[in-house]
Amino acid sequence: MSMTRGAMVAAVALVALLLFPATFAFPPAGQQQLDPHFYDHSCPQAQQIVASIVGKAHAQDPRMAASLLRLHFHDCFVKGCDASILLDSSASVVSEKRSNPNKDSARGFEVVDEIKAALEAACPRTVSCADVLALAARDSTVMTGGPGWIVPLGRRDSLGASIQGSNNDIPAPNNTLPTIITKFKLQGLDIVDLVALLGSHTIGDSRCTSFRQRLYNQTGKGLPDSTLDPAAAAVLRPRCPRSGGDQNLFFLDHVTPFKFDNQYYRNLLVHQSLLSSDEVLFTGSPATAELVKLYAASQDIFFQHFAQSMVKMGNISPITGRNGQIRSNCRRVNHN
């Protein structure tokens, strides 16, 4: 009995889900559950407003989708998904925008401002900045060809930020695989979430300063990274010299840089990833390597796992109920 391609993919996906079941984070006792229908009555046009402005921003700047997706990651990994990353420095706040992972690289804040202004005009003090980030991340993924998912909503916004948490909790380009696994585990995310979520590097850019050591001095002995294809390294060196050019941008996926697909994992298989923290998924552990090979072979399974892990990440320690606030301006805390 022959199987259609769709049936075969479904069967493979089912096996993958049995091997790597998606685990959704449920809130502690006393914390409200997020709900995709949270704004159905209070602001029914919310998702349409977000999608429209994200679409316009993506059309004007193809890099913006990756930037908005990254904002959601960097928000959720610090004190949970509470829009703390959006706060500017003030008398009471030291902005996370000044942290090592965000300084000179986090962007898209003006797009969030535009979305928030439109939401405030339609539904004042109703839709949180944290939910804006969650929706914009989903819409950015879809608009670049990736999977969609239903976004649970009802997060509220923080009253502060944590530059220390931003510096310590967000995985760094030079972290070892055990360190990255630990940082994900601290957020309640497992190894499947780790490998799937790093697949977001199928779009976006990285600065020379984030991977220079791979080209010249990976281990402190003056030698390039042995897990980086020499031909790929030779292409990178002219615009990423030993000194200077720190802010020069390079595609994380040089093959399909603006398309959300599984090419990222195929690049790992041939040692052509840009960041050390990406390549170690293939070279650092048999368990992560198997997932890399699975996603490289099946974009359908990658998309399915990515969507599930994004929902799970979006559930990290949300502020709900009467806690926190709904900021009227995402850059500052309400004081009235």
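# Notebook: contacts, rings and voids

**Entry 1. V78.** I listed the contacts of V78 first: leaving aside its neighbours within four places in sequence, V78 is in contact with S84, E96, S162, G165, S166 and I170, a contact being heavy atoms within 4.5 Å. I note that this is a predicted model, in which local features need pLDDT of at least 70 and side-chain atom pairs count only at pLDDT 80 or more, while totals for chains, interfaces and linings use all residues. Residues are numbered from 1 along each chain as its sequence is written, and side-chain values use heavy atoms, with hydrogens and water left out.

I then looked up the place of V78, which is in the loop between α3 and α4 (109-122); helices are DSSP runs (H or I, at least four residues), as are strands (E, at least two), and both are numbered from the N terminus.

**Entry 2. The annotated site.** I checked the record for V78. The UniProt annotation "binding site", from an unreviewed entry, covers D75, V78, G80, D82, S84 and E96. These residues are spread over 22 residues of sequence, yet they cluster in space, with a largest C-alpha distance of 13.2 Å. UniProt positions are in the numbering used here, feature names are shortened, and annotations may be inferred rather than shown by experiment.

I turned to D75, which lies in helix α3 (residues 64-76). Its relative accessible area is 0%, so D75 is buried. Not counting residues up to four places away in sequence, D75 touches G80, C81, D82, A83, S84, I85 and L133.

UniProt also places the feature "domain: Plant heme peroxidase family profile" (unreviewed entry) at residues 33-334. I computed the composition of that range: the chain is 45% helix and 2% strand over residues 33-334, and the end C-alpha atoms are 24 Å apart.

**Entry 3. Aromatic rings.** I paired rings of Phe, Tyr and Trp (its six-membered ring) when their centres lie within 6.5 Å, with planes under 30 degrees apart counted as stacked, over 60 as edge-to-face and the rest as tilted. This rule gives 14 aromatic pairs. The pair of F77 and F184 is edge-to-face because the ring centres are 5.0 Å apart and the planes stand at 70 degrees. F77 lies in the loop between α3 and α4 and F184 in helix α7 (residues 177-185), so this pair ties together parts that are 107 residues apart in sequence. F77 is buried at a relative accessible area of 2%, and F184 is buried with a value of 2%.

I looked up a further pair, Y265 and F302: the centres are 4.9 Å apart and the planes at 75 degrees, so this pair is edge-to-face. Y265 belongs to helix α11 (residues 263-269) and F302 to helix α14 (residues 299-314), so the parts tied together are 37 residues apart in sequence. Both Y265 and F302 are buried. They also belong to a cluster linked by ring pairs, made up of W149, F260, Y264, Y265, Y295, F302, F303 and F306.

I next searched for charges over rings (NZ of Lys or CZ of Arg within 6 Å of the ring centre and within 35 degrees of the ring normal). The charged end of K97 sits over the ring of F109, 4.1 Å from its centre. The charged end of R237 sits over the ring of Y216, at 5.8 Å from the centre.

**Entry 4. Pocket and cavities.** I used a 1 Å grid over the protein atoms alone: a cavity is a set of points where a 1.4 Å probe fits but cannot get out, a pocket is an open set with protein on both sides within 12 Å along at least five of seven lines, and lining residues have an atom within 4 Å of a point. Grid points are joined across faces, edges and corners, and a volume is the space filled by probe spheres set on the points.

The largest pocket holds about 970 Å³ of space. It is lined by 36 residues, of which R70, H74, P101, P173 and H201 are the closest to its centre. α3, α7 and β1 (205-207) each supply at least two residues of this lining, and α3 gives the most, with seven residues.

I found three cavities of 30 Å³ or more in the structure. The second largest cavity has a volume of about 50 Å³. Its lining consists of H72, A134, W149, V151, P152, R155, M310, V311 and G314, to which α14 gives the most, with three residues.

Conventions
Buried means under 20% relative accessible area, exposed over 50%, partly exposed in between (1.4 Å probe, protein chains only).
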